[in-house]
Amino acid sequence: MVQSSARPGAASRPVGPADAGIVASRLRDLHLDARTELDHSDAFELLVATVLSAQTTDVRVNQVTPALFAAWPDPEALAGAADADVTEIVRPLGMGATRARRIIGLAQRLVTEHGGEVPDSQTALEALPGVGRKTAHVLRGAWFGHSLLAVDTHVGRLSRRLGWTEQTDPRKVEADVVGRVAADGTGSPDEDLAVLGLRLILHGRRVCTARAPDCGSCVLVDVCPRIGLTQQAGVA
Ligand code: SF4
């Protein structure tokens, strides 16, 4: 289906999936500031911060990581930390003891199996404590520059609303989005899956929220098959 790349003043509802090339271009213009919102200065800090971000927010993680990385700045240091000391620092995130054991175990494995380095390997990363496919994709996309989609709740919701997938399983969502970008894409750097994922997250936080999508001010209004329907049907 041919879709206009110009933002219209008013639009009828498209019947097919939103063109991924147009979506990537529009989100680039709107969310030029897209970057991981977890503060970090190296791959180790990004990996630990991403593991800590499970079931909490990036903002809260950023409140505890300065003290954490000041006390234990590298895998060797964190690997030798006492559980109780780390628990005290990460306690504000909830499940402090569990999070502490997880990141200490992660650091120990980095030391014993990877010479204290963060591996640029999907298989090696997913074998580490607390690291799943999404975390590995965040790390490898943001730090190592790979075009990998990290599917979180925002990426999943936006992908369904844009008609790119009907799936809820993150791996199936990822496969559908990868296929859609390959089919529609122009080869623009904006279609790098890590970059597109970050922009989808920002759009999901700022405009296309779960409960109150602001279709009236959305730059995707003319290409989105869910315009208006989401609010009427209460569909996430
Ligand atoms: S805000 Fe509305 S038009 Fe924009 S992507 Fe979400 S559902 Fe579609």
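Author: A residue counts as buried if 20 or more other C-beta atoms lie within 10 Å of its own, as exposed if 12 or fewer do, and as partly exposed in between, with C-beta atoms placed from the backbone. This is a predicted model, in which local features need pLDDT of at least 70, side-chain atom pairs count only at pLDDT 80 or more, and totals for chains, interfaces and linings use all residues. Residues are numbered from 1 along each chain as its sequence is written.

Reader: Is Cys-215 buried, exposed or partly exposed?

Author: Cys-215 is found in the loop between helix 11 and helix 12, where helices (H or I, at least four residues) and strands (E, at least two) are DSSP runs numbered from the N terminus. Cys-215 has 19 C-beta neighbours inside 10 Å, so it counts as partly exposed.

Reader: Which residues does Cys-215 touch, not counting residues up to four places away in sequence?

Author: Two residues are in contact if their C-beta atoms lie within 7 Å. With residues up to four places away left out, Cys-215 touches Val-221, Ile-227 and Gly-228.

Reader: Is Cys-224 buried or exposed?

Author: Cys-224 also has its place in the loop between helix 11 and helix 12. Leaving aside neighbours within four places in sequence, Cys-224 is in contact with Pro-14, Ala-18, Arg-161 and Leu-162. Because 25 other C-beta atoms lie within 10 Å, Cys-224 is buried.

Reader: What is the largest C-alpha distance in the cluster of annotated binding-site residues?

Author: The UniProt "binding site" annotation, from an unreviewed entry, covers Cys-208, Cys-215, Cys-218 and Cys-224; such annotations use the numbering used here, have shortened feature names and may be inferred rather than shown by experiment. These residues are spread over 17 residues of sequence but cluster in space, the largest C-alpha distance being 11.1 Å.

Reader: Which residues are closest to the ligand?

Author: A residue is near a molecule if its C-beta atom lies within 6 Å of it. The ligand is surrounded by 13 residues, and the closest are Cys-208, Pro-213, Cys-215, Cys-218 and Cys-224.

Reader: How many residues of the shell around the ligand are charged?

Author: Ala, Val, Leu, Ile, Met, Phe, Trp, Tyr, Cys and Pro count as nonpolar, Asp, Glu, Lys and Arg as charged, and the others, Gly among them, as polar. In the shell around the ligand, nine residues are nonpolar and one is polar. The number that are charged is three.

Reader: Is Gly-216 buried or exposed?

Author: Gly-216 is in the loop between helix 11 and helix 12 (229-233). Its C-alpha atom and that of Asp-19, 197 residues apart along the chain, are separated by 19 Å. Gly-216 has 9 C-beta neighbours inside 10 Å and therefore counts as exposed.

Reader: Which residues of helix 11 meet helix 9?

Author: From helix 9, the residues in the contact are His-154, Val-155, Arg-157 and Leu-158. From helix 11, they are Gly-197, Leu-200, Ile-201, His-203, Gly-204 and Arg-205.

Reader: How many charged residues does this contact of helix 9 with helix 11 have?

Author: By class, the contact of helix 9 with helix 11 has four nonpolar and four polar residues. The number of charged residues in it is two.

Reader: How far apart are the C-alpha atoms of Val-195 and Arg-28?

Author: Val-195 is found in helix 11 and counts as buried, because it has 22 C-beta neighbours inside 10 Å. Not counting residues up to four places away in sequence, Val-195 touches Ala-34 and Asp-190. Val-195 and Arg-28 are 167 residues apart along the chain, and their C-alpha atoms are separated by 8.9 Å.

Reader: How far apart in space are Val-90 and Ser-159?

Author: Val-90 is found in helix 5 and is buried, because it has 24 C-beta neighbours inside 10 Å. Its contacts, leaving aside neighbours within four places in sequence, include Leu-52, Val-64 and Leu-68. Val-90 and Ser-159 are 69 residues apart in sequence, and from C-alpha to C-alpha they are apart in space by 33 Å.

Reader: What is the phi of Gln-55?

Author: Gln-55 lies in the loop between helix 2 (43-52) and helix 3 (58-71). With 9 other C-beta atoms within 10 Å, Gln-55 is exposed. Although it is not a glycine, Gln-55 has a positive phi of about 60°.

Reader: What is the phi of Met-95?

Author: Met-95 is in the loop between helix 5 (83-90) and helix 6 (96-114). With 15 other C-beta atoms within 10 Å, Met-95 is partly exposed. Met-95 is not a glycine, yet it has a positive phi of about 50°.

Reader: How far apart are the end C-alpha atoms of residues 52-206?

Author: UniProt lists residues 52-206 as "domain: HhH-GPD" in an unreviewed entry. Over these residues the chain is 65% helix and 0% strand. The end C-alpha atoms are apart by 23 Å.
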